[in-house]
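Follow the side chains through this model, from the open space they line to the contacts they make. Keep the structure in view as you read.

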Amino acid sequence: QVQLVESGGGSVQAGGSLRLSCAASGDRFSTYCMGWFRQTPGKEREGVAAIDSDGSTSYADSVKGRFTISTDNSQMTLYLQMNSLKPEDTAMYYCAADCPAGFHGDYRYWGQGTQVTVSS
């Protein structure tokens with residue numbers, strides 16, 4: 001099995017930055033794709049960003065130009081650099097890996113999440 005552990009969340013003021021990390025360990029993925037999702041109470045889970053084996057990326061319109069997803073394959077670590085944070089970015093952020101059906105399909109492995117809170 002695969003274990004994903006997120007870190008880097010916290011509380012920041014609007015306009016600030018955070019860098020989330022997701023360390024993967026265990027079995028190798030069947031398909032290489034990793035992504036970040038976020039969820040707030042009462043709202044549907046939202047895909048934030050994803051990256052595949054070719055380095056191709058996908059971003060939600062709401063974060064384009066502000067967030068950057070990247071991966072360090074040698075260390076099996078996923079990152080999400082979040083700049084110009086807004087209060088609406090407040091959410092629990094989840095790391096996910098292995099998407100046999102593609103970026104917009106289901107992911108096989110999930111982390112426990114890290115809270116990001118942006119105050120105004």
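A pocket is an open set of grid points with protein on both sides within 12 Å along at least five of seven lines, and its lining residues have an atom within 4 Å of a point. The model here is a predicted one. Its largest pocket has a volume of about 220 Å³. The lining of this pocket numbers 15 residues. Nearest the centre lie Phe37, Gly47, Val48, Phe103 and His104.

Which elements give two or more residues to the lining of the largest pocket? They are β4, β5 (46-52) and β6 (57-59). Strand β5 supplies the largest share, with 4 residues. By class, the lining holds 9 nonpolar, 4 polar and 2 charged residues.

The aromatic pairs in the model come to 3. In one of them, the ring centres of Phe37 and Tyr107 are 5.2 Å apart and the planes stand at 75 degrees. Planes over 60 degrees apart count as edge-to-face, so this pair is edge-to-face. Phe37 lies in strand β4, and Tyr107 lies in the loop between β9 and β10. The pair therefore ties together parts that are 70 residues apart in sequence. Both Phe37 and Tyr107 are buried.

Now turn to Phe37 and Trp110. Their ring centres are 4.9 Å apart, with the planes at 55 degrees, so this pair is tilted. Again the pair links distant parts of the chain: Phe37 sits in strand β4 and Trp110 in strand β10, 73 residues apart. Trp110, at 27%, counts as partly exposed.

The charged end of Arg45 sits over it, 5.3 Å from the ring centre. Elsewhere, Arg19 places its charged end over the ring of Tyr79, 4.0 Å from the centre.

Next come the contacts between charges. Side chains of opposite charge can pair when their charged atoms come close. How many salt bridges does a search of the whole structure find? The count is 5.

Start with Asp89 and Arg38. They form a salt bridge whose closest N and O atoms are 3.0 Å apart. Asp89 lies in the loop between β8 (77-82) and β9 (91-97), while Arg38 lies in strand β4 (residues 33-39). The two positions are 51 residues apart in sequence, so the bridge ties those parts together. Asp89 is buried, at a relative accessible area of 1%. Arg38 is buried as well, at 6% relative accessibility.

Another bridge joins Asp98 to Arg108, again with the closest N and O atoms 3.0 Å apart. Asp98 and Arg108 both lie in the loop between β9 and β10 (109-110), 10 residues apart. Their exposure needs a separate look. Asp98 counts as buried at 1% relative accessibility. Arg108 is partly exposed, with a relative accessible area of 45%. As for shared partners, salt bridges join Arg38, Glu46, Arg66 and Asp89 into one network.

Lys64 and Asp61 make a further salt bridge, at 3.1 Å from N to O. Asp61 counts as exposed, at 65% relative accessibility.

Last, look at the backbone. Asp98, already seen in its salt bridge with Arg108, has a positive phi near 70 degrees and is not a glycine. It lies in the loop between β9 and β10. Ser84 also has a positive phi, about 50 degrees, although it is not a glycine. Where does Ser84 lie? Its place is the loop between β8 and β9. Asp98 is buried, with a relative accessible area of 1%, whereas Ser84 is partly exposed, at 40%.

Methods
Residues are numbered from 1 along each chain as its sequence is written. This is a predicted model: local features need pLDDT of at least 70, side-chain atom pairs count only at pLDDT 80 or more; totals for chains, interfaces and linings use all residues. Side-chain values use heavy atoms; hydrogens and water are left out. A salt bridge is a side-chain nitrogen of Lys or Arg within 4 Å of a carboxyl oxygen of Asp or Glu. Buried means under 20% relative accessible area, exposed over 50%, partly exposed in between (1.4 Å probe, protein chains only). Rings of Phe, Tyr and Trp (its six-membered ring) pair if their centres lie within 6.5 Å; planes under 30 degrees apart count as stacked, over 60 as edge-to-face and the rest as tilted. A charge sits over a ring if NZ of Lys or CZ of Arg is within 6 Å of the ring centre and within 35 degrees of the ring normal. On a 1 Å grid over the protein atoms alone, a cavity is a set of points where a 1.4 Å probe fits but cannot get out, and a pocket is an open set with protein on both sides within 12 Å along at least five of seven lines; lining residues have an atom within 4 Å of a point. Grid points are joined across faces, edges and corners, and a volume is the space filled by probe spheres set on the points. Ala, Val, Leu, Ile, Met, Phe, Trp, Tyr, Cys and Pro count as nonpolar, Asp, Glu, Lys and Arg as charged, and the others, Gly among them, as polar.
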